[in-house]
Amino acid sequence: MPAADTGTSKAQAMERNDIIDFKALEKELHAALTADEKYKRENAAKLRAVEQRVASYEEFRGIVLASHLKPLEQKDKIEKKTVPWNCHSTQRKTSQDETTEICQEKTRLQPETSAEFYRDWRRYLRSGPERYQALLQLGGAKLGQLFKTDVGFGLLGELLIVLADHVRPADRLVVLGILRSLAGTGRFALNLSLMSHVERESCRGLFQKLQAMGAPRPTKEGLGQEEQDLEELPGGLQEEERLLQELLGLYQVD
């Protein structure tokens, strides 16, 4: 009997070993398929980044890390509403005010890296007013932090075009701050030299508008126009005008 029991136990053990754990196999197969899909997706993102000739490793890495994101479908898009630029103003809107009504997203643009900014700039901000509003919301300090290493190929010109098309007198100081921060980013001179003719013309037009937004003042003998303007301005405005003159040189505007 003991010998028979031993044989039976061995047979049962062999039968248990022969039982296939389908759940474990399914889990292993799913993990392998997920890893394979991730490899293919990230490899395709790397190839796209190389074709786009991204300017920095940070942008390259951001594109790869965001490769799992999918474009929003029509039903997924955030509802937008149109609100006046200055909702507290009781004065009649001018034609410029009407054209600068902003379609604001329910959630503010809050990128933490240049790659996130570039993604949101392309995916969510389609119109000029939306992009202009986003730049004002972020401000010069945040933009300078995002693009400390490099603004990125082609993006500098796009930013200048948006600012040139939508700048308003009330935003003059904020826009000057944005321009100053962009001028302090890495490889700024190189990015400036790579701008297209259209982008250069927009840059020139932007500074012409910023100059025109300063109040004209009567001339004094013995002083140049620029010196007269600075002499008669309050302290804060003097600094603003000096900043404008500095930016004219940095952006190589004649």
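This is a predicted model: local features need pLDDT of at least 70, side-chain atom pairs count only at pLDDT 80 or more; totals for chains, interfaces and linings use all residues.
**View 1. Order of the elements along the protein chain.** The protein chain has 12 helices and two strands.

View 2. The protein chain has 254 residues, and 32% of them are buried. Among the contacts with a separation of 6 or more, 71% are between residues 24 or more positions apart.

**View 3. Helices α7 and α10 where their axes approach.** Two packed helices are described by the angle between their axes and the distance between the axes. Helix α7 covers residues 155-166, and helix α10 covers residues 197-212. Their axes come within 8 Å and cross at roughly 40°. Because of this angle, α7 is oblique to α10. The crossing in which α7 passes α10 is left-handed.

**View 4. Residues in the contact of α7 with α10.** On the α7 side, the contact is made by Gly157, Glu158, Leu160, Ile161, Leu163, Ala164 and Asp165. On the α10 side, Glu199, Ser202, Cys203, Leu206 and Lys209 take part. Which classes of residue make up the contact of α7 with α10? Six residues are nonpolar, two are polar and four are charged.

Terms used:
Residues are numbered from 1 along each chain as its sequence is written. Side-chain values use heavy atoms; hydrogens and water are left out. Helices (H or I, at least four residues) and strands (E, at least two) are DSSP runs, numbered from the N terminus. Buried means under 20% relative accessible area, exposed over 50%, partly exposed in between (1.4 Å probe, protein chains only). Contact means heavy atoms within 4.5 Å. Axes are lines fitted to C-alpha atoms, for helices over the stretch in contact, and angles run from 0 to 180 degrees between N-to-C directions. Angles under 35 degrees count as roughly parallel, over 145 as roughly antiparallel, 65 to 115 as roughly perpendicular and the rest as oblique. A crossing is left-handed if the near helix is turned anticlockwise from the far one by less than a right angle, and right-handed if clockwise. Ala, Val, Leu, Ile, Met, Phe, Trp, Tyr, Cys and Pro count as nonpolar, Asp, Glu, Lys and Arg as charged, and the others, Gly among them, as polar.
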